[in-house]
Amino acid sequence: MSRLLYRWGRWSATRPWSAIGAWVLLCVLVVAASAGFGKQLDDSMAAPGTDSQAAADLLASADSGAGGLTAYVVATPGQDGVTFVDSRPARVDLDRLESALSELPKTLGTTQEVAPDGRVALLRVQYPEIGELATSDLAALKDVLAESRASSSLQLEAGGDLYFSFEQPPANVGEVVGLVVAAVILVVAFGSLLAAGLPLAVALFGLLVGASLIPLLGLLLDVPVWAPVMAAMVGLGVGIDYALFLLSRHREYLAAGVPAAESVGRSLATAGQAVVFAGTTVVVAILGLAFAGLPFVTAGGVAVAAVVLVMVLAAITLLPALLGLAGQRLQARGLLARRGKERRRGTDAAVLRWSRWGAHVTRHAAAYAVAGTLLLLALAAPVLALRLGLPDQGSYPQERTERRAYDLVAEGFGPGATGPMVVAVDLSRDPSVVEPLVSALAADPGIASAAAAPVEATSDVAVIIAQPTTTPQDAETVRTLDRLRSQVLPAALAGSPATAHVGGYTATMSDLSQRVEERLPIILVAVVAMSYQLLMVLFRSVLVPLKAAALNLLSVAASYGVLVMVFQWGWAASLIGLESTVPIISFIPLFMFAILFGLSMDYEVFLLSRVREEYLRTGDNGYAVVRGIGVTARTISCGAAIMVSVFVGFGFGDDPVLKMLGLGLATAVFLDATLVRLVLVPATMKLLGDANWWLPAWLDRLLPKLDLDGAADTLPAQDEPDLGRQAPQLEVRGGGSA
């Protein structure tokens with residue numbers, strides 16, 4: 001592969017406009033195809049084989065409309081002391097509003113309910129399945145509410161499935177700030193505005209193409225509505241990182257006097273090959289989500305993996321052309337040059353400092369290995385209290401109408417009204433079971449009320465709405481749900497051929513959490529096994545990938561622990577705008593594990609590829625570790641700082657999903673690039689010594705041969721730039737001692 005990358009790099013650098021033109025054409029085609037043929041993204045959270053999914057399927061088969069989307073409008077009189085019971089004007093305004101809602105396009109029907117105290121009224125608006133709806137339907141609902149607010153004194157708030165599916169969250173200033181911080185880091189690191197701009201340009205261009213691919217993937221898979229934002233978060237991080245590592249190697253060659261076109265070719269043959277393998281590891285890890293048994297998680301993983309793949313292609317095809325256009329101008333100049341420019345001979349101060357740090361860690365390897373491991377274990381300890389669920393609209397900030405509607409419903413109808421359980425009953429063989437079921441449900445201590453919803457007389461499916469006494473996030477609600485399924489419904493249906501399934505938001509989220517708990521160990525084993533095999537092929541080692549997997553698992557567990565501290569225990573929650581504690585979103589651990597394991601392997605590949613180059617050249621494990629740390633630590637730290645700034649920016653948004661994912665990814669990347677890469681990796685590699693590179697002869701013959709460093713195929717040994725050779729000063733030679 002190194003030969004191919006070397007030739008492509010030289011060709012792109014000498015004919016940059018051909019490569020750039022091809023990318024522009026690809027971008028135009030993908031964007032046009034997405035706009036013309038892309039599919040509306042889905043809000044389904046189907047979990048095949050669960051009781052809630054059986055309820056949803058039963059409702060859908062009956063064509064009752066109860067399986068579609070709903071919106072709810074909450075109304076309360078504007079004056080204190082006025083109720084819908086004793087105020088005729090308020091009642092007239094409410095009826096007029098319901099009439100206007102019922103006349104909306106695609107509305108299947110409305111229901112009205114007034115709270116016992118008469119202060120709060122709830123209007124439920126039933127819509128068909130999401131495939132028949134669009135953003136315009138939400139806009140039409142908002143128009144009706146705006147007209148009613150203008151012509152009446154009612155306070156109106158709204159929420160529900162329709163908002164979840166089509167409402168665009170407010171612009172997140174944090175995302176922009178994250179990109180600005182990333183740009184500042186690049187400028188400081190490279191000492192050149194041009195050099196700093198290239199990684200950002202490549203990442204943003206790649207994101208445009210990757211994000212436009214997602215609606216096209218919707219033609220094959222039901223891609224969830226949140227997938228583009230998640231893909232943007234991960235894609236920006238890895239895109240900037242991959243371009244950064246290639247650019248750093250290119251500037252090393254330029255500083256050593258290598259002509260620009262030759263430098264691009266050599267950079268692609270060495271660092272470019274590491275980028276390909278690192279990106280492949282990320283894609284493989286994310287595709288491991290296919291073992292989740294949740295179609296929407298699998299589809300979301302495919303979307304994120306597709307964007308990562310586009311970022312890899314942009315780094316190895318578009319960036320070389322831009323580097324060729326830039327030529328020698330990528331060298332730092334002026335004041336920034338005095339701070340960031342690599343010297344042509346020897347090493348700069350940063351490389352020397354990091355080399356000294358690596359030597360220091362390896363001299364005290366056992367102490368650092370024990371201390372680092374204990375710190376990660378301490379951070380991971382709260383994961384034992386992990387509680388899975390899904391925050392409802394009550395976790396939104398007060399500025400959102402969904403949150404105000406949620407609070408009004410809870411105030412007027414009780415906390416369980418915000419997440420009622422929907423019991424779907426198959427009456428085809430026994431239509432007499434509805435009343436006994438309603439009575440049995442209402443008698444349960446965890447149910448505040450139960451009532452049969454109106455259905456067509458000819459329907460074989462009945463719908464019973466059971467309102468819990470507790471909120472959807474409360475652990476007691478889950479116990480109530482389990483009791484209904486295991487005791488109440490079986491007892492009420494004893495001797496009857498009828499069947500009943502419990503669905504609705506609360507039941508669906510509980511089933512998703514249980515499925516995640518069942519499948520997470522399977523995903524863990526699958527992802528670790530695939531990544532282990534890939535790293536074993538790359539590094540020709542049995543122990544190096546095993547150590548990498550163990551350390552990556554520790555850093556992921558530590559990030560889980562931090563999520564528990566912040567979101568469940570409320571530690572420093574106000575710093576990210578979290579107004580109340582919430583359970584960990586059920587599918588976040590799945591995505592976090594897959595993404596973080598892949599990103600951690602990124603840094604492992606970048607670091608160990610350089611360590612392996614030195615080990616193959618010198619045969620001295622101690623020197624190779626110190627030299628690898630010295631040459632790569634600055635770039636890895638810069639890349640991690642950029643990725644952390646991007647992830648933290650997303651963490652300041654209103655959406656709790658993005659908050660959790662942003663904070664979790666930022667924490668894990670920070671720990672991985674500091675404690676793991678700069679402490680535990682050099683310490684453990686020092687302790688293992690030459691055993692790091694042990695591979696049985698029989699296994700060596702079976703594994704395919706890959707030259708990760710690429711130099712053997714493309715670079716004469718005497719021409720390889722040797723930046724920062726400070727080994728004699730650091731005393732890392734001689735039997736691998738440090």
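What follows is a short tour of strands, helices, a surface patch and some charged pairs.

## Before we start

This is a predicted model, in which local features need pLDDT of at least 70, side-chain atom pairs count only at pLDDT 80 or more, and totals for chains, interfaces and linings use all residues. Residues are numbered from 1 along each chain as its sequence is written, and side-chain values use heavy atoms, with hydrogens and water left out.

Helices (H or I, at least four residues) and strands (E, at least two) are DSSP runs, numbered from the N terminus. Two strands count as paired if DSSP finds at least two bridges between them.

## A four-stranded sheet

Start with the open sheet: its 4 strands come in the order β2-β3-β1-β4, with antiparallel pairing. Who stands at the edges? That would be β2 (109–114) and β4 (154–160); each has a single partner strand, so one side of each is left without a neighbour in the sheet. From one strand to the next, the twist averages 20°.

Now zoom in on β1, residues 70–77, which pairs with β4 in the antiparallel sense over 7 bridges. In this pairing, P77 stands opposite L154 in β4. Helix α5 (residues 135–151) packs on the sheet and touches β1 and β4, where contact means heavy atoms within 4.5 Å. The direction of α5 makes about 165° with that of β4. (Axes are lines fitted to C-alpha atoms, for helices over the stretch in contact, and angles run from 0 to 180 degrees between N-to-C directions.) Another helix, α15 (residues 401–413), lies across β1, β2, β3 (121–126) and β4, and runs at about 105° to β4.

A75 lies in strand β1. Is A75 buried or exposed? With a relative accessible area of 1%, A75 is buried. Here, buried means under 20% relative accessible area, exposed means over 50%, and partly exposed is in between (1.4 Å probe, protein chains only).

Which residues does A75 touch? Leaving out residues up to four places away in sequence, its contacts include F84, L94, R119 and V120. Others among them are A121, L154, Q155 and L156. As for V125, A75 is 50 residues away from it in sequence and 14 Å away in space, C-alpha to C-alpha.

## Strand β8 and its partners

Next, look at β8, residues 461–468. This strand is mostly covered, as 7 of its 8 residues are buried. One of its partners is β6 (residues 421–426), and the two pair in the antiparallel sense over 6 bridges. There, A424 stands opposite V463 in β8.

Strand β7 (residues 447–453) also runs antiparallel to β8, joined to it by 6 bridges. In this pair, A452 stands opposite I464 in β8.

## A nonpolar patch on the surface

Which residues form a nonpolar patch on the surface? They are F37, L219, L220 and L221, with about 460 Å² of accessible area together. Accessible areas come from the Shrake-Rupley method with a 1.4 Å probe; for residues, only the protein chains shown count as cover. Patches are made of residues with over 30% relative accessible area and no salt bridge: like charges are joined within 9 Å, and nonpolar side chains (Val, Leu, Ile, Met, Phe, Trp, Tyr) within 5 Å.

L219 is found in the loop between α8 (193–217) and α9 (227–255). At 52% relative accessibility, L219 counts as exposed.

## Charged pairs

A salt bridge is a side-chain nitrogen of Lys or Arg within 4 Å of a carboxyl oxygen of Asp or Glu. By this rule the count comes to 23 salt bridges. One of them links R10 and E262, whose closest N and O atoms are 2.7 Å apart. R10 lies in helix α1 (residues 2–14) and E262 in helix α10 (residues 260–287), so the pair ties together parts that are 252 residues apart in sequence. R10 is partly exposed at 32%, while E262 is buried at 15%.

E262 also forms a salt bridge with R266, with the closest N and O atoms 2.8 Å apart. Being 4 residues apart in helix α10, E262 and R266 are separated by about one helical turn. At 7% relative accessibility, R266 counts as buried. Elsewhere, salt bridges that share partners join R249, E252, R610 and E613 into one network.
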